[in-house]
Amino acid sequence: MSKFSLQSDNGLLERCFRDNYQALCFYASGILKDDVASEDVVQEVFVRLLNINKDFDSYNHLKHYLYVAVHNLCIDRSKASISSRVSSTVCSARSMVSPAFPVS
């Protein structure tokens with residue numbers, strides 16, 4: 001079985017983008033519950049794909065890679081969002097608490 005890379009086949013990435021962009025956005029939206037953030041994730045995955053030198057066994061292998069990459073990036077974004085919300089809540093709570101005794 002011959003492998004192929006996106007760098008050697010210029011039209012493959014464009015075809016892959018056209019064929020899979022909407023489905024990947026829908027998939028990401030199911031995880032993030034945010035259409036704009038989902039589009040950002042999918043676009044970032046395609047940009048990252050441009051910058052790596054990876055060979056794929058088949059078009060299905062490439063699609064599988066895209067879904068895994070989108071899934072992982074969605075999870076990373078969700079964790080970052082939760083972490084920033086927790087940090088902001090903790091900071092807000094600390095600012096509302098005044099010490100019982102002044103600290104010098």
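**Entry 1: the core.** I started with the largest nonpolar core, which has 21 residues. (A nonpolar core here is a set of buried Ala, Val, Leu, Ile, Met, Phe, Trp, Tyr and Cys residues joined through side-chain atoms within 4.5 Å; buried means under 20% relative accessible area, exposed over 50%, partly exposed in between, with a 1.4 Å probe and protein chains only.) Leu6, Val42, Phe46, Leu49, Leu62, Leu66 and Val70 have the most contacts inside this core. The elements giving two or more residues to it are α1, α2 and α3 (59-96). I noted that α1 gives the most, with eight residues. (Helices are DSSP runs of H or I, at least four residues, numbered from the N terminus.)

**Housekeeping.** This is a predicted model, so I kept in mind that local features need pLDDT of at least 70 and side-chain atom pairs count only at pLDDT 80 or more, while totals for chains, interfaces and linings use all residues. Residues are numbered from 1 along each chain as its sequence is written, and side-chain values use heavy atoms, with hydrogens and water left out.

**Entry 2: Val70.** I skipped neighbours within four places in sequence and looked up what Val70 is in contact with (heavy atoms within 4.5 Å): Leu24, Tyr27, Ala28, Val41, Val42 and Val45.

**Entry 3: Ser38.** Next I checked Ser38 in helix α2 (residues 35-50). Ser38 is buried, at a relative accessible area of 0%. With neighbours within four places left aside again, Ser38 is in contact with Cys25, Ala28, Ser29 and Leu32.

**Entry 4: Lys33.** Lys33 sits in the loop between α1 (10-32) and α2. Is Lys33 buried or exposed? Exposed, at 66% relative accessibility. Lys33 also has a positive phi of about 60 degrees, though it is not a glycine. Most residues other than glycine have a negative phi.
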